[in-house]
Amino acid sequence: MFSKTKWLVLTAAFLILLSLVGCVNKNPKPAAEENKAAEGNKAADVILATTTSTQDSGLLDVLIPEFEKQSGYKIKTVAVGTGAALAMGEKGEADVLLVHSPADEKKLVDSGAGINYQLVMHNDFIIIGPKDDPAKISGLKTASEAMKKIAESGSIFISRGDNSGTHKKELKLWESAGITPKTGATYQETGQGMGQTLIIAEQKLGYTLTDRATYLAQQKNLSHLVILVEGEKSLLNIYHVMQVNPEKFANINADGGKAFVDFMVSPATQKTISTFGVDKYGQQLFTPDAGKKEADLGK
C-alpha cells in the first residue's frame, strides 16, 4: 500500500504534468498557420454595388477576374440600378461602388458615406426606337425635342422606372421637354435592368433611353430597334468609383474596397477599358477617364 507521502508526491507530479500540457496548447500557432490565416482574411469577399450596365455590357466579366487574380480578393457583385447601389453605400451594405449618376454620387460623398471618389470612364446615352420611327425623331439635334415628339405622337416609351442612373437621366430629359410622364398605355415602366428593358422595348416596338454599351452588347437581340438620337453633350454617361467609408460603418472591407478603386484607375485597367468591345463591335464601349476633369469630358 502507498503511504500518504507517496500519494502526495504522485498528485503533485500529475498536476505539474497537466500544467505543462496546458502551456503547450497555449503556445502561438506556427508561422505557416498564421500566414495561411492572413491569406484567408485577404480572400474575404469585397462587395461591389454597381449599375446593371457594367454587367450587361460584359465589362465586369473582363475586369473582375483580373482584379481577383492581381489582388487575391474575391468580388461579390450586386448589379442593381445606381439609386439602389447608392442606397447600399448609404447603409454600409457594400464596400465599394461603381455608379453613373454624378449629382447623386456627390450627395453621398458630401454626407461622408463615400470616400476616395474617382472618375473612371464614360460612354453616352442614346435614344433608340422602331425602324419606322413613328414619332419622327431621327436626326433631331436635342434629346428634349425628341422626348417631346415621342409624347405628342402617342408612341410607346419604355422606361426602366427603377431609380437607376439611366432612369434619372430619362426623367431629366422629360423635365427639359416640359413633360411629366404618367404610367399608362404609352408610358410603361419595367422596373428592370437595362438589358431586360431593351428586350421589352423590342417586344413592344417602343422607344427607350439606353447607354450605348448595353445597346451594342444586346444588339443581336434587337432586330426592330435602331439608334435615332445621339451625340448631344447632355447625353454623356459618366462613371465614378468610390469606397464606402469604414469609419462610418462596421464590417466594411476597407482594404478590399481601396484595392478595387486603385485597380479601376490604374493605367493597365484604363487600357483594358479603352479597347473593350472594339474587336466585337468595331468601336469603344467606354472611354477611360482616370485623371481627367469631369468638366472636360465631351469637348
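Reader: Why does T197 count as buried?

Author: T197 has 0% relative accessibility. Buried means under 20% relative accessible area, exposed over 50%, partly exposed in between, with a 1.4 Å probe and protein chains only. T197 therefore counts as buried. This is a predicted model, where local features need pLDDT of at least 70, side-chain atom pairs count only at pLDDT 80 or more, and totals for chains, interfaces and linings use all residues. Residues are numbered from 1 along each chain as its sequence is written, and side-chain values use heavy atoms, with hydrogens and water left out.

Reader: Where is T197, and what does T197 touch?

Author: T197 is in helix α9, residues 194–204. Helices are DSSP runs of H or I with at least four residues, strands are runs of E with at least two, and both are numbered from the N terminus. T197 touches I158, S159, R160, T190, Q192 and T208, not counting residues up to four places away in sequence. Contact means heavy atoms within 4.5 Å.

Reader: What makes L60 buried?

Author: The relative accessible area of L60 is 4%, so L60 is buried. L60 is found in helix α4. Leaving aside neighbours within four places in sequence, L60 is in contact with L48, T50, T54, Q55, P65, T77 and L98.

Reader: How far apart are L60 and T77 in sequence and in space?

Author: They are 17 residues apart in sequence. In space, L60 and T77 are 9.1 Å apart, C-alpha to C-alpha.

Reader: Why are α4 and α12 called roughly antiparallel?

Author: The axes of α4 (residues 59–71) and α12 (residues 267–275) cross at roughly 160° and come within 11 Å. Axes are lines fitted to C-alpha atoms, for helices over the stretch in contact, and angles run from 0 to 180 degrees between N-to-C directions. Angles under 35 degrees count as roughly parallel, over 145 as roughly antiparallel, 65 to 115 as roughly perpendicular and the rest as oblique. α4 and α12 are therefore roughly antiparallel to each other.

Reader: Which residues make that contact, and how do they divide by class?

Author: α4 supplies L59, V62 and L63, and α12 supplies T269, T272 and I273. They divide into 4 nonpolar, 2 polar and no charged. Ala, Val, Leu, Ile, Met, Phe, Trp, Tyr, Cys and Pro count as nonpolar, Asp, Glu, Lys and Arg as charged, and the others, Gly among them, as polar.

Reader: What makes α11 oblique to α12?

Author: Helix α11 (residues 254–265) packs against α12 at an angle of about 55°, with the axes 5 Å apart. That angle makes α11 oblique to α12. F263, M264 and V265 of α11 meet P267, T269, Q270 and I273 of α12. The contact of α11 with α12 has 5 nonpolar, 2 polar and no charged residues.

Reader: Why is α7 called roughly perpendicular to α8?

Author: The axes of α7 (residues 143–153) and α8 (residues 165–176) cross at roughly 80° and come within 8 Å. α7 is therefore roughly perpendicular to α8. The contact joins A143, S144, M147 and A151 of α7 to E170, L173, W174 and S176 of α8. By class, these residues are 5 nonpolar, 2 polar and 1 charged.

Reader: How many helices and strands does the chain have?

Author: The chain has 13 helices and 10 strands. Of the 299 residues, 45% count as buried.
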